[in-house]
Amino acid sequence: MKTKKNVLNALAIATTISLTASAAFAHSDHDHSTVSYKWAASDDFKAKIERKLNASSIDNLIGLSHFEQKKLAHYDINVGNKFNTLIDGNNYLIERTSAGMSISKVNGAEQVAYSDQVPIKRINMVSKASMEHKSHTGHDHANLPYEWTFGVTTQNKIVRGMVQNDQNAYVGLNKFEQSLLKEYDIKPGNTFQTTIAGHQFMIEKTTAGIKVLNHAEMGGVAMATSNDSSM
């Protein structure tokens, strides 16, 4: 138990310093550098870009809703930052602007530079043993082959919940944090992987937040990052 507490305390310290090794890093406002990770566009985000690309428009500017702007800021994509996203097999370089974003197609893989993908990426998941969950009305208890990257604020909340609970930690999520998961079709009852400060955890979506499953429950599932990280 003491060892577990030491690990969790170390995680708490680590998450105050940075996101996971595969996640976002902070950028100052109007820093026109390209962030080091690829953004996994949701279906709604893709549709908005596709409508703009198919329209007879003289510019490449796209407006973003308050939620979409808040979502990018949550992952430290600030005004001026550029990031890559893949849509229908084509890579696009997007720059966040004050009111939305500016989009341009990138031709040639050598022009694409990123180390990972956030907030969600596909992984290989091989079940060694069944993970049994009690059935609840309206819950889909599928084990999703995804790894989710939580923002640093949510990561700190998760670690605090694990420090305070010896068993599975229930962590409440605010409306915005729940909307993020919902946008990528993660439903109550779904389980998925996350990495915090280099440590992997299995997460179950609950009605009001998430549950961090203990190691006994996640021991039957082996996971590895897929070579094809596109959604």
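Which residue in β5 does Ile 62 stand opposite? Ile 62 stands opposite Met 101.

## Basis of the model

This is a predicted model, in which local features need pLDDT of at least 70, side-chain atom pairs count only at pLDDT 80 or more, and totals for chains, interfaces and linings use all residues. Residues are numbered from 1 along each chain as its sequence is written, and side-chain values use heavy atoms, with hydrogens and water left out.

## Overall make-up

The protein chain contains six helices and 13 strands. Helices (H or I, at least four residues) and strands (E, at least two) are DSSP runs, numbered from the N terminus. Of its 231 residues, 45% count as buried. Buried stands for under 20% relative accessible area, exposed for over 50%, and partly exposed for values in between, with a 1.4 Å probe and protein chains only.

The accessible surface of the protein chain is about 11700 Å², and carbon and sulfur atoms account for 51% of that. Accessible areas come from the Shrake-Rupley method with a 1.4 Å probe; for residues, only the protein chains shown count as cover. Among contacts between residues at least 6 apart in sequence, 70% join residues at least 24 apart, where contact means heavy atoms within 4.5 Å.

## Strands around β5

Strand β5 (residues 100-105) pairs with strand β2 (residues 61-63) in the antiparallel sense, over three bridges. Two strands pair if DSSP finds at least two bridges between them. Strand β4 (residues 90-96) also runs antiparallel to β5, and five bridges join the two. Here Glu 95 has Ser 102 of β5 as its bridge partner.

## Aromatic pairs

A search of the whole structure gives six aromatic pairs. One of them, Phe 67 with Phe 176, is edge-to-face, at 5.8 Å centre to centre and 65° between the planes. This pair links distant parts of the chain, with Phe 67 in helix α3 (residues 66-74) and Phe 176 in helix α5 (residues 175-183), 109 residues apart. Rings of Phe, Tyr and Trp (its six-membered ring) pair if their centres lie within 6.5 Å; planes under 30 degrees apart count as stacked, over 60 as edge-to-face and the rest as tilted. Phe 67 is partly exposed at 26% relative accessibility, whereas Phe 176 is buried at 11%.

The pair of Phe 150 and Phe 192 is tilted, because the ring centres are 6.3 Å apart and the planes stand at 40°. Phe 150 lies in the loop between β8 (143-148) and α4 (152-164) and Phe 192 in strand β10 (residues 191-196), so the pair ties together parts 42 residues apart in sequence. Phe 150 and Phe 192 are both buried. Ring pairs also bring Trp 148 and Tyr 184 into a cluster with Phe 150 and Phe 192.

## Charged and polar side chains

The ring of Phe 176 has the charged end of Lys 70 over it, 4.6 Å from the ring centre. A charge sits over a ring if NZ of Lys or CZ of Arg is within 6 Å of the ring centre and within 35 degrees of the ring normal.

Lys 38 belongs to strand β1 (residues 34-39). Is Lys 38 buried or exposed? Lys 38 is buried, because its relative accessible area is 4%. Its side chain makes a polar contact of 3.2 Å with the side chain of Gln 117. A polar contact is a pair of N or O atoms within 3.5 Å; within protein, one must be able to donate a hydrogen and the other to accept it, and residues adjacent in sequence count only if both atoms are side-chain atoms.

Asn 143, in strand β8, is partly exposed with a relative accessible area of 29%. The side chains of Asn 143 and Thr 191 are joined by a polar contact of 2.4 Å. Asn 143 and Phe 192 are 49 residues apart in sequence, yet 6.1 Å apart in space, C-alpha to C-alpha.

## Backbone exceptions

Most residues other than glycine have a negative phi, and most peptide bonds are trans. Asp 76, in the loop between α3 and β3 (82-87), has a positive phi of about 60° although it is not a glycine. Asp 88 has a positive phi of about 55° and is found in the loop between β3 and β4. With a relative accessible area of 65%, Asp 88 is exposed.

The peptide bond from Val 118 to Pro 119 is cis, with omega near 0°. Pro 119 lies in the loop between β6 (116-118) and β7 (120-127).
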